[in-house]
Amino acid sequence: MTNLPIWNLADFYPNYKSKLIKEDIEKLRKDSESFLKKYRNKLNHMHKNGLLQSIKDYEKLEEKIYFIKSFSFLTHCTDQLNKEKNKFYQNTEEIISDIEKNIIFFGIEFNKISKKKINQLKSSKYLSWIENLNKFKKYQQTEKIEKVLMEKSITSSSAWIKFFDQSMTRLTFSFRNKKLSETEMLNLFSSPDQKVRKDAAISFGKTLKENIFNFTFIMNNISKDLDIDMKLRGFKFSESSRHLSNQIDKDDVDSLVKTVKGNYSNICHRYYSYKAKYFGKKKLNFWDRNAPYPGSNINNISWIKAKGIVLDSYNDFDKRLGRIANMFFEKNWIHAKPMKGKTSGAFSHPTVPSCHPYILMNYQGKTRDVMTLAHELGHGIHQYLASDQGLLLADTPLTLAETASVFGEMLTFKSLLNKSKNRDEKIYLLRSKIEDMINTVFRQISFFVFEREIHSLRSKFELSDDDISEIWMKTQKESLGDKVNLTNDYKSFWAYIPHFIHSPFYVYAYAFGDCLVNSLYSKFEESPHKFNDKYLSLLQSGGSKNYQLLLAEFDLDPKNKNFWQLGMNLIKNLIDELEKIS
């Protein structure tokens with residue numbers, strides 16, 4: 001675990017104290033004021049060329065806004081206990097928010113342009129952006145209200161997100177006369193020593209419970225903020241805004257949830273029954289759910305070896321993807337070293353097309369960390385390829401956002417499985433992959449069901465920590481079944497899940513992506529001819545094309561009632577194979 005990389009942010013600015021940041025912000029302010037004078041109340045009187053130029057000017061401003069915000073966030077997230085960096089991050093957020101008020105009119109006024117003039121832009125590269133913007137039309141408010149909402153977000157949702165991050169970063173967990181961070185404690189849940197796992201899990205739950213007032217308060221305020229926005233804009237459900245931004249129908253999400261829940265028993269419960277048997281127990285304790293099997297020969301995987309495994313997987317599939325993946329290592333675009341004050345988990349930040357993505361993870365040397373590296377590199381490759389579309393079209397909606405990441409995991413898993421030298425190694429890889437897929441599909445859908453119930457109730461009354469914990473335990477028991485013992489020590493574990501706070505209702509993206517990739521990979525195995533070119537084209541498209549059109553290239557249709565079950569069947573088949581060779 002030596003020589004783990006940290007990223008180099010010099011492609012933005014030399015450092016967060018650079019005078020170049022202040023100069024860029026001042027120029028951005030002046031440019032936004034000029035944009036306001038040039039286009040406000042004039043869009044509806046412009047012809048095709050003028051409208052196209054207005055979009056290009058708007059995109060240029062947004063590019064600089066996100067350039068500065070990306071640098072601020074990436075500087076902050078690896079050193080959240082640094083007071084100066086915290087101040088820089090907050091000040092930047094507030095200054096940029098003030099500047100953004102100058103351009104907030106653009107989307108509102110663009111949606112008021114006559115259909116006749118919009119039709120003149122049908123041949124434009126920005127057509128999909130215009131169409132998606134138009135979907136928000138009936139939910140938009142006046143410019144005055146939108147400005148107030150933007151300003152108030154600093155002291156509402158954004159403030160609670162920051163408070164959550166700061167609270168989690170500052171928490172320490174007692175473990176055998178030591179004080180450990182969240183990342184260090186979660187790593188102990190994968191220890192081969194059952195006593196270590198148990199002590200870590202109980203201590204983790206105890207500390208969350210001791211701080212539960214803060215987390216309950218945060219959850220209530222995040223949920224109420226969502227409820228206010230729902231009612232103000234006229235959405236039917238709290239989750240409606242998520243579906244709209246993801247360019248997906250609620251019916252498709254409902255179909256996915258129904259299919260996954262319908263497979264709780266024959267996949268999720270079945271697997272934990274299998275695992276309990278090999279642990280010599282009638283039931284697994286919750287701290288054993290992701291634990292290594294007894295007698296497993298677990299060796300730490302060095303960063304160099306992990307890099308080789310993942311790069312080989314991408315190169316074996318397509319040298320073009322391998323070359324892009326290698327850039328992340330060669331150019332220091334990855335921050336893998338666990339550090340005090342660094343945010344937990346992993347992500348790939350797309351930043352802006354004029355720069356490049358950056359990957360954050362906390363590498364601990366486990367097989368799961370290798371898969372996380374493959375996952376985030378998939379995101380990074382996708383974001384890198386889509387950047388050619390420009391800022392407004394590069395962002396990939398949920399429907400395809402997890403495709404490249406989960407596909408990258410599948411490539412790595414298949415590569416390792418094909419190279420496995422004996423039965424025990426194959427069993428180990430199958431168990432690891434099945435657990436990852438269960439965590440990606442079933443656990444995330446159970447999280448989504450939990451969120452639906454929480455936000456539905458919160459619209460009626462404020463929730464106590466007992467209210468939230470009761471829903472948490474109920475939804476988790478449904479997904480895990482009666483072969484996993486959830487004690488009271490688990491009641492507060494909802495409190496550390498960042499997705500509930502950072503991006504409510506996003507979690508179904510993982511299940512969507514996993515099931516989609518299962519079908520996509522099956523198509524690759526059935527007919528690899530020309531698959532790679534079509535796959536790269538899908539990634540390069542970013543958000544410029546509707547996901548149904550892109551998937552039609554592979555003869556896949558998420559509207560088909562059997563589509564989601566195909567993804568379930570692949571997991572079921574892996575369990576069949578595991579039971580057969582065990």
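This dialogue goes through a few features of the structure above.

Colleague: What kind of model is this, and how are residues numbered?

Modeller: This is a predicted model, in which local features need pLDDT of at least 70 and side-chain atom pairs count only at pLDDT 80 or more, while totals for chains, interfaces and linings use all residues. Residues are numbered from 1 along each chain as its sequence is written, and side-chain values use heavy atoms, with hydrogens and water left out.

Colleague: Which residues of α11 are buried?

Modeller: Buried means under 20% relative accessible area, exposed means over 50%, and partly exposed lies in between, using a 1.4 Å probe and protein chains only. The buried residues of α11 include I212, F215, N220, D227 and R233. Among the elements that cover them are α10, α21 and α22 (465-480).

Colleague: Where is E239, and is E239 buried or exposed?

Modeller: E239 sits in the loop between α11 (212-233) and α12 (240-245). Its relative accessibility is 5%, so E239 counts as buried. A polar contact is a pair of N or O atoms within 3.5 Å; within protein, one must be able to donate a hydrogen and the other to accept it, and residues adjacent in sequence count only if both atoms are side-chain atoms. The side chains of E239 and R452 form one of 2.8 Å.

Colleague: Which residues touch the most other members of the largest nonpolar core?

Modeller: In soluble globular proteins, nonpolar side chains tend to be buried together. A nonpolar core is a set of buried Ala, Val, Leu, Ile, Met, Phe, Trp, Tyr and Cys residues joined through side-chain atoms within 4.5 Å. Here the largest has 186 residues, and F110, F442, W494 and Y535 touch the most other members. Helix α21 (residues 423-458) gives the most to this core, with 14 residues.

Colleague: How many disulfides are there?

Modeller: A disulfide is a pair of cysteine sulfur atoms within 2.5 Å. The count here is zero. For C77, the nearest cysteine sulfur is that of C355, 14 Å away. C77 counts as buried because its relative accessibility is 2%; C355, at 14%, also counts as buried.

Terms used. Helix = DSSP H or I, 4+ residues; strand = E, 2+ residues; numbered from the N terminus. Contact = heavy atoms within 4.5 Å.
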